[in-house]
Amino acid sequence: MFHILLALSGGERHGYAIMKQVEADSQGKVSMGPGTLYGSLKRMLDAGLVDESDKRIDPEMDDQRRIYYRITGLGAQALAAELERYRRIVALAQQRKLLPRGFYVA
Amino acid sequence: MSPEHRAVSRLYGRLLGLYPRAFRERFGESMQQTFDDLYNEHQRQAGRAVLGFVLRAFIETALGVAQEHLLLVSAGGVIRAVQTLGISALISFLLVLPLMLMQLINRRGLNEEFPLVLFIGFWLAPFAIGLMLLPIARAWRRGTHRRPNGRTAHTSTLLTNPVSSAAISLGLLLFTLMQVWLSAVGWAPLARLLNGPNPEVAYLPGQLITFGFGLLPLAAGVVASRPIVHTLRAGGSLVAHPFHLILVLGLASLLAVGFGLLLVDQWPCFVGVPNCD
């Protein structure tokens, strides 16, 4: 869910575009299929973390109309909270000098 | 779209058809589009194995189908299932209890072991009938307080769809009939499976398998009752699926007749006739 929220933080995307963005954000380490993606999207829609927009054509793809998903205010809060949790963990690791050489956090 | 792509896409559509209806209606079209987009991407990029992608996508989606069906089993559904099991078990025990007491009292001077297996058989028949008919009775009671609308949302379609549930229950019944027939003709592999290498010695795995086979008609009855329960809960009619109703009542009647015949056969034992068997 974190990866999907992160992918949607850059703007509205349809299913295929979310997958590609997640793959790019994770440098290919996270790859999900349609079953995982839409199962997660259903739970995120139910929880109010994301919202769906009307169908429209993606000019970079074919002429099929696709449903786009966008992050909601609640979703943005959840993403910020998760990022803050990561920031604290990294700060703690930095404090304890656990970070590898060359790893710098401002 | 190439012929291969069209064929795989159609097959994927069939797989999407196995999702619960509510999920399918909401995401089915988008999932199909996403699958086609991914297929096109793999086809465009030379060197990327399309077959590997198709296999992965089908397995991953099949797991998603199973997960969505499991998520529909709500806490309320589990409680209802436990209640049905408990009430059926209790009613069956109360039916069998007088017979057990008669056996104990009337045969106390005959120096015989208590026939536990016989009473398990006696207990199982009304228990099985209860498992089939109790959910129907509860759904009917609940449905009478609801305005008829023909269907409820967010339920598993595999067991509530009349066609798929009929196919599953008939498959279970056919399997049972086949097993009975093969036993009757003495098919050696089955006899070995059920009786073990030495038929003279009790074979526990075989007894467990026989018990499992015995549960299949019950499972068929429970599966056949699901569309009726689903329709009644939605305020629909008891005869909305006449074939299923006939199937459930037929199985319940069969079990009731079995219970009755066993009772008539064993009655002398309950009233204390010596050498009754």
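1. Two residues are in contact if their C-beta atoms, placed from the backbone, lie within 7 Å. By this criterion, and leaving aside residues up to four places away in sequence, A:Ile4 touches A:Ile18, A:Val22, A:Ser40 and A:Met44.

2. The model is predicted: local features need pLDDT of at least 70, side-chain atom pairs count only at pLDDT 80 or more, and totals for chains, interfaces and linings use all residues. Residues are numbered from 1 along each chain as its sequence is written, while chains are lettered from A and ligands numbered from 1 in the order in which they are written.

3. Confidence in chain A comes next. The score used is pLDDT, the predictor's confidence in each residue, from 0 to 100. Chain A averages 86, and 96% of the residues score at least 70. Helices (H or I, at least four residues) and strands (E, at least two) are DSSP runs, numbered from the N terminus. Within chain A, the mean is lowest in strand E2 (residues 50–57), at 84, and highest in H3(A), at 91.

4. The sheet of chain A is open and has 3 strands in the order E1-E3-E2, with antiparallel pairing. Two strands pair if DSSP finds at least two bridges between them. Strand E1 (13–14) and E2 of chain A are at the edges with a single partner strand each, so one side of each has no neighbour in the sheet. E2(A) and E3(A) are joined in the antiparallel sense over 6 bridges. A:Asp51 lies opposite A:Arg70 in E3(A).

5. Helix H3(A) deserves attention. The expected span of a helix is 1.5 Å times one less than its number of residues. A residue is buried if 20 or more other C-beta atoms lie within 10 Å of its own, exposed if 12 or fewer, and partly exposed in between, with C-beta atoms placed from the backbone. Buried residues in H3(A) include A:Pro34, A:Gly35, A:Leu37 and A:Tyr38. Their cover includes H2, E2 and E3 of chain A as well as helix H2 (21–44) and helix H3 (50–71) of chain B. After H3(A) comes A:Gly48, with a positive phi near 80 degrees.

6. The contact between the chains takes 12 residues from chain A and 17 residues from chain B. On the side of chain A that touches chain B, helix H2 (15–25), helix H3 (34–47) and strand E3 (65–71) of chain A each give two or more residues. H3(A) gives the most, with 6 residues.

7. Chain B has 10 helices and 0 strands. Of its 277 residues, 26% count as buried. Helix H7 (residues 162–184) of chain B has 23 residues and reaches 32 Å from its first C-alpha to its last, close to the 33 Å expected. B:Ser165, B:Ser169, B:Leu172 and B:Leu173 are buried in H7(B).

8. A nonpolar core is a set of buried Ala, Val, Leu, Ile, Met, Phe, Trp, Tyr and Cys residues joined through C-beta atoms within 7 Å. In the largest such core, of 29 residues, those touching the most other members are A:Ile4, A:Leu8, A:Ile18, A:Leu41, A:Val50 and B:Phe35. H2(B) supplies the largest share of this core, 6 residues. A second, separate core of 27 residues includes B:Ala139, B:Val229, B:Leu232 and B:Leu247.
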